[in-house]
Amino acid sequence: MRPLAISQQQWIEIVGMVKPDSVKQMVVVGGGAGGLELVVKLAKKLKRDASVRVVLVDKNASHIWKPLLHEVATGSLDSHHDETSYRMLARKYGFDFVLGRVTSVDTEKQSIGIASEDDDDGAELVAARDLSFDELVLCPGSRSNDFGTSGVAAHCVKLDSREQAERFHKLYLKQLHKVSAAKDDSTQLSVVIVGGGATGVELAADLHNVAGRLQDYGFQTFSQARLKVSVIEAGPVLLPRLPERIGVSVKRELESIGVDVLTATKIESAAADALFTSEGVRIPADVSVWAAGVRAPSFLGESGLPVDNLGRVKVNADLTVEGYSTIYAAGDCACCPTADGGTVPPRAQSAHQMASIVAHNIVARHKNKSSKDFVYKDFGSLISLSRFSTVGNLMGNLMRGSVFIEGWLARMFYLSLYRMHQNAVHGPFSTVLIMLGDRIYKHTRADLKLH
Ligand SMILES: Cc1cc2nc3c(=O)[nH]c(=O)nc-3n(C[C@H](O)[C@H](O)[C@H](O)COP(=O)(O)OP(=O)(O)OC[C@H]3O[C@@H](n4cnc5c(N)ncnc54)[C@H](O)[C@@H]3O)c2cc1C
């Protein structure tokens, strides 16, 4: 006879966060590109096993694929259309969902700490609590790294979460309104983006794409010529972690649509209306975006887990955390060595590959089978410059090395990445329905979000 299935929520109501010893609790922190795929895999593989409870904890109630955030920022994507409710997926696959921000990991007690939550008036809604685990997977992603640069926290927007992308969107719309209403039609709207990685260059291109369509939406006096976007990169080339040819091609493409690209330029401080380079040059900015560097959430290192200089958790070959056999880390927050002496790059494809191995290893351990080591396979990288171009490289055995691609073929591969993520989360049938729904949606709603 199957034991009575009691949901995590019911456990919380009945016995606080204490779980019965007979039920093994597998907790995944962070339902992003890696964590969500992982929790779905675990729930599917273990759904008939009543001795296991799979729990996802995320600080948000819904998921949006992070590589789409620059489109949320510009308004080419409505985040409310593309989000997926964790509770809906929990119901579909039979895992439990806990809404809350994880603040600590207690490795001795085998529990995580979840912050209290307040309502809009500051009154406590939910008290701080602990959630115990038998196996824990840490997938809270990464944030951009301002390296403590003066004024950045106060004056620059980051694009690490949907809230931040929406904040940029609101600021941008306000400035758009102001510039469009200006009597002097030479007034420009200036957006300065610090960081010439994927986030920075994709945002710059999409801002130009949107600017070119604003006249259709009543901004008669606005045009691409009135938008001044600058991308500032400290290194000598754009996209420093990718093959140089991609950075060169992206720079050429961005400059051809009117983006200013400044390489080998370091920002030393930020103010409300400008950024300042290390050489003292003032770069005026109506909106400043910080999209440089990455670092993992600080609670990982503060909890005593072994971390590198970017706060990423050091993992063994099977993706368990060094020194802990019941704690795994995957995705951007994991510091995982590669054969060439580097570390696995913070990308959606890395998170996807790690999710598969962790799911396999957790299930294998549960069934007393042997685990697998993670070997990162770089399939290449693609950069979408909105409707203007897509460039990148593909890698693999078939390609015999790295092949540079651009144009519609690159665009097809780029779009397929998101569909692969949707397939991993929703399954093939639902993904086809989502694709059909997207087509219909295109014809029934505005294709720009301007509110
Ligand atoms: C604008 C942009 C464009 C990008 N473009 C590309 C691209 O084209 N190709 C590519 O491969 N990669 C791209 N990336 C990088 C890619 O998005 C990340 O590498 C990937 O999302 C990492 O997956 P993850 O699961 O580690 O973390 P994430 O996808 O960031 O998910 C982390 C999850 O953890 C939750 N969380 C965080 N902290 C806590 C906490 N304390 N408590 C509870 N929950 C928490 C978050 O809410 C989130 O759901 C892009 C990133 C950005 C920002």
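The structure is a predicted model, in which local features need pLDDT of at least 70 and side-chain atom pairs count only at pLDDT 80 or more, while totals for chains, interfaces and linings use all residues. Residues are numbered from 1 along each chain as its sequence is written.

The protein is assigned domain 1 (8-142 + 296-366), domain 2 (152-290) and domain 3 (380-444), with bounds that come from an automatic or database domain assignment. Taken over C-alpha atoms, the centres of domain 1 and domain 2 are separated by 32 Å. Where these two domains meet, eleven residues of domain 1 are in contact with 14 residues of domain 2, contact meaning that the C-beta atoms of two residues, placed from the backbone, lie within 7 Å. On the side of domain 1 that touches domain 2, α3 gives the most, with six residues; helices (H or I, at least four residues) and strands (E, at least two) are DSSP runs, numbered from the N terminus. That side of domain 1 divides into five nonpolar residues, five polar and one charged, where Ala, Val, Leu, Ile, Met, Phe, Trp, Tyr, Cys and Pro count as nonpolar, Asp, Glu, Lys and Arg as charged, and the others, Gly among them, as polar.

The ligand brings both of these domains into view, as the shell around the ligand draws at least three residues from each of domain 1 and domain 2. Of the 34 residues around the ligand, those that come nearest are Gly-30, Gly-32, Lys-66, Gly-141 and Gly-331, a residue being near a molecule if its C-beta atom, placed from the backbone, lies within 6 Å of it. The elements that give two or more residues to this shell are β2 (52-58), α3 (69-74), α8 (198-211) and α11 (348-366). By residue type, the shell holds 15 nonpolar, twelve polar and seven charged residues.

Strand β11 (residues 135-138) has both faces covered, with Glu-135 and Val-137 buried on one side and Leu-136 and Leu-138 buried on the other; a residue is buried if 20 or more other C-beta atoms lie within 10 Å of its own, exposed if 12 or fewer, and partly exposed in between, with C-beta atoms placed from the backbone. In a regular strand the side chains alternate between the two faces of the sheet. Strand β1 (residues 24-29) pairs with β11 in the parallel sense over four bridges, where two strands pair if DSSP finds at least two bridges between them. Strand β23 (residues 327-329) also runs parallel to β11, joined to it by three bridges. Leu-138 is the bridge partner of Val-29, and Leu-138 has Ala-329 as its bridge partner in β23.

Strand β7 (residues 111-114) and β10 are antiparallel over four bridges, and Gly-113 has Asp-130 in β10 as its bridge partner.

Most residues other than glycine have a negative phi. Gln-110, although not a glycine, has a positive phi of about 55° and sits in the loop between β6 and β7. Gln-110 counts as partly exposed because it has 17 C-beta neighbours inside 10 Å. Asn-368, also not a glycine, has a positive phi of about 55° and lies in the loop between α11 and β25 (380-385). Asn-368 has 6 other C-beta atoms within 10 Å and is therefore exposed.
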